Amino acid sequence: MRNLDEYRAIFLVVVAVAALLVASPALSRLLVYPRTEFFTELWILGPSHKAENYPYNVTRNQNYAVFLGIGNRLGYCAYYMVKVKFRNQSQEAPTSFGPVENRSPSSLPSLFNFSVFVADEQILETPLTFSFDYVYNESTSSVNFSGLKLNGNWLNMTDYTVSWDSEKNEFRGFLFFELWLYNASAGDFQYHGRFVSLRFNMTASV
Amino acid sequence: MIIWLSATFFLITSERVSATSSAESLTAINAAENDIIQCYTAAKNAEKAGANITDLLITLNEAGTLLSKAHLAHSEGDFDSAIEFANQCKTKLEGFVDSAEDKEKTASHAQYVDFMVNIVGSIVGTVLVILCSSTLWFFLKKRMEKTEMVT
């Protein structure tokens, strides 16, 4: 009869495999590389849901469609606020580079704010349809706005003007979306250091 | 004179009505905002406990849209619409906190069961596999030794 010690190696392998199999549920939870980067993605897509065909040459009262997307990688369900603003070429844009705490939003008033709740590791895309109402002022060579219609909401833009840019040969305006994040400890929204912008040439018939 | 008095009275009254409406509108908006923050906190806690909060977030996003409309109406001086939107927002969130807390409790229980089965059960099972195997090995070895001694 063969000695049992001859089977020691086989026995140990079988036991090790069985132990690993039984331990696998615990190992799968304990041996997970922890998340180290927490951030938010913000993007804007054109009407075909691709990063192309963004509206550029804008006509008065013509509807344009884009998609605004937010991806939450913060590790918790986030309460965002999107501030919709408009600026001309001479007004300053918000900043989105450098440490988040050093980035600053635009000082311009927002035309409209909308809140977005996104669960951790989830994305949310909001379709946006907009049109501008404006008139060309020949004497001042500028475009004077009266309003922006955004997703059916009429927003007053009576104080907004865009002057002729002789370098670029256009009436240049920017519709931009700043992302703000609700800070529970502060009890208020804080600029999240991100914005996306659409550049327009406001076409005017003389 | 009568016309002047009537006009003055009308102006004073309408200003007072407008001021009251503005204050009422702000109160309604603030109340809706507080509700949203409360509901968001409840949803966040439920998510932390491991609950699926997709349906809760759909409701929150709908309420958020109504609140945005309330803010817009207020900024345009349409206080009646602002109050209406703020109230719709509050109505939308009725029962939300209870639902979120239920989800949180269910998820906490599921997480406890998951911990007991997959972590504790798995570790205990592994220890048992090693102990039983060692016992079996020594039992077989002793039996073999006895058999050898007899032969």
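Modeller: Helix H1 (residues 8-30) of chain A packs with H4(B) at an angle of about 170 degrees, and their axes are 7 Å apart. Axes here are lines fitted to C-alpha atoms, for helices over the stretch in contact, and angles run from 0 to 180 degrees between N-to-C directions. The angle therefore makes H1(A) roughly antiparallel to H4(B); angles under 35 degrees count as roughly parallel, over 145 as roughly antiparallel, 65 to 115 as roughly perpendicular and the rest as oblique. Helices (H or I, at least four residues) and strands (E, at least two) are DSSP runs, numbered from the N terminus.

This is a predicted model, in which local features need pLDDT of at least 70, side-chain atom pairs count only at pLDDT 80 or more, and totals for chains, interfaces and linings use all residues. Residues are numbered from 1 along each chain as its sequence is written, while chains are lettered from A and ligands numbered from 1 in the order in which they are written.

On the H1(A) side, the residues that meet H4(B) include A:Phe11, A:Val15, A:Val22 and A:Arg29. Their counterparts in H4(B) include B:Ile119, B:Ile123, B:Val129 and B:Trp137. Two residues are in contact if their C-beta atoms, placed from the backbone, lie within 7 Å. By class, the contact of H1(A) with H4(B) has 13 nonpolar, 5 polar and 1 charged residues. Ala, Val, Leu, Ile, Met, Phe, Trp, Tyr, Cys and Pro count as nonpolar, Asp, Glu, Lys and Arg as charged, and the others, Gly among them, as polar.

The contact between the two chains as a whole takes 22 residues from chain A and 29 residues from chain B. On the side of chain B that touches chain A, two or more residues come from each of helix H1 (2-48), helix H2 (54-75) and helix H4 (96-150) of chain B. The largest share of that side, 13 residues, comes from H4(B). Its classes are 14 nonpolar, 11 polar and 4 charged residues for the side of chain B that touches chain A.

As to confidence, the predictor gives the complex an ipTM of 0.85 and a pTM of 0.84. Chain B has a mean pLDDT (the predictor's confidence in each residue, from 0 to 100) of 88, and 87% of its residues reach 70 or more. Where pLDDT is low, the predicted coordinates should not be read in detail.
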